[in-house]
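The structure comes first, followed by notes grouped by topic.

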Amino acid sequence: RQIAERRESMAFEGLLKFQDLIVTNQQIFQSPELGKLNGTLSDQSKKVFDAILKDLKQDSSPSPESVSRLAYVTRRLASMDLSLNKEQQSNEHIDQACNWMRQSLENSNKLGQLTGATEDMLHLKIGELRLLQGSLAMGLGKFQEARPRFDEAIREIQPLIENGNLTTDQLKSAKQSLAEAWSGASMHEVYHGQLSEAIRLQQKALQQIGEDRPTSGEEAQIRMQIHGNMSILLERSGEPIEALKQLKLAASAVEEAFGMIDQNPAGFAEENAIVLPTNELMGLRSRLAHEQVRIMISQQDVQAAISVLEDLYKKENHSIRQNMQNGTTLEFYAKTTSKLQLLLAGAGQEQRANDVAQDSIELAKAISALPTAREPHWLFAIDANHTAGHMYEKLGRKTQSLERYSEAIAGCQEAFKRDFRTASIVSH
């Protein structure tokens, strides 16, 4: 048995390294030039997975470790499939793993060959994989497909928590998964117009995650998702102040994730089997801050909105100065500085509005002067001047406004000379 488990462990390790190669080089493998290789690599990965599963089927009494490894590699493989636009294959891998786990449980009921620990692990991992399947379906807008998966996850996981036989780590994982399942079911309800039921289910999710600080990037992201979902529901029910509280908790969870996740050279962050592009975290930070600002303005609290944007502005400014090549960060920053300048100008804080505008313009000059400057960098430079033009116009500074508009037009002309002609640049 030890030899078999060692062989199994080596096969898992090989497949995980293979997945890392694809996931951390996603843009390369999705390029048209490597389309054929893309398919070949995916097929090879599937063959290795099938071989691992076939080997496990020969074991009538798998260990909890084998079950956990299979669930882990299935999660990774399903996510990799989606990154390669193979949705059907992603679902097939999850179904295959869950079917084997379900069959193992049925065999145990007949023959009694499994330990209690293995049975608990099988139920837990079926629940987690069905949760993943539901989340992937929800992300693709397939709400009808998602709900049965969330319900199955709840049926598998909730009794485990109630029975009290899980280890501390398993219990924590189970509670997180159950919270995600309740949250997913909640969003299905709101999609069908059942707001009261959606809030009830989202409250169950909040109860599961509790108020303790997250201890992993994955846990932080789950908290962000649940608090963010609840904010949507509360605002729809006419409770903007309560919605704002949930947005602040979601934003806090994102900052916790930033503090826990280490970037690798490929620009991805990995934590507990979840691979998150750091751009995604920056996007979440930006979206949550701007949602807070929107509600604050609706409640006539402009100064609070300015404070939120000032904090976001500093963080995004710092990120850009560390990596001026990141076009995604530039896009987030441009949105923030535009909103901040106009709010400052409207609140009579002219000097601060001018400082933010000048800082953005100087940064834009430095970025567009880079030898490697591409379309997003020129668009950022054009936007910086265009936004400043609007801000000075709002302050009644006609001369400065015209200067900024002229610089924006000159930037467009220079971009055209370099054959940068996207709709965004042309529209300026």
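**Helix packing and aromatic pairs**

In this predicted model, helix H15 contributes Ala353, Asn354, Ala357, Gln358, Ser360, Ile361, Leu363, Ala364, Ile367 and Ser368 to a contact with His377, Trp378, Phe380, Ala381, Ala384, Asn385, Ala388, Met391 and Tyr392 of helix H16. Sorted by class, the contact of H15 with H16 comprises 13 nonpolar and 6 polar residues, with no charged ones.

*Geometry of H15 and H16*

- Helix H15 spans residues 350-368 and helix H16 spans residues 375-394, and the two pack at an angle of about 160° with their axes 9 Å apart.
- Because angles over 145 degrees count as roughly antiparallel, H15 and H16 are described as roughly antiparallel to each other.
- The crossing that H15 and H16 make is left-handed.

*Aromatic pairs*

- Across the whole structure, a search finds 3 aromatic pairs.
- Phe143 and Tyr191 form a stacked pair, with 4.0 Å from centre to centre and 5° between the planes.
- This pair links distant parts of the chain, since Phe143 lies in helix H7 (residues 143-163) and Tyr191 in helix H8 (residues 168-191), 48 residues apart.
- Phe143 is buried, its relative accessible area being 19%.
- The rings of Tyr333 and Phe380 form a tilted pair, because their planes lie at 45°, and their centres are 5.7 Å apart.
- Tyr333 belongs to helix H14 (residues 327-346) and Phe380 to helix H16, so that this pair also joins distant parts of the chain, 47 residues apart.

*Burial and clustering*

- Tyr333 counts as buried at 0% relative accessibility, and Phe380 counts as buried at 3%.
- Tyr313, Tyr333 and Phe380 are linked by ring pairs into a cluster.

Notes: Residues are numbered from 1 along each chain as its sequence is written. This is a predicted model: local features need pLDDT of at least 70, side-chain atom pairs count only at pLDDT 80 or more; totals for chains, interfaces and linings use all residues. Side-chain values use heavy atoms; hydrogens and water are left out. Axes are lines fitted to C-alpha atoms, for helices over the stretch in contact, and angles run from 0 to 180 degrees between N-to-C directions. Helices (H or I, at least four residues) and strands (E, at least two) are DSSP runs, numbered from the N terminus. Angles under 35 degrees count as roughly parallel, over 145 as roughly antiparallel, 65 to 115 as roughly perpendicular and the rest as oblique. A crossing is left-handed if the near helix is turned anticlockwise from the far one by less than a right angle, and right-handed if clockwise. Contact means heavy atoms within 4.5 Å. Ala, Val, Leu, Ile, Met, Phe, Trp, Tyr, Cys and Pro count as nonpolar, Asp, Glu, Lys and Arg as charged, and the others, Gly among them, as polar. Rings of Phe, Tyr and Trp (its six-membered ring) pair if their centres lie within 6.5 Å; planes under 30 degrees apart count as stacked, over 60 as edge-to-face and the rest as tilted. Buried means under 20% relative accessible area, exposed over 50%, partly exposed in between (1.4 Å probe, protein chains only).
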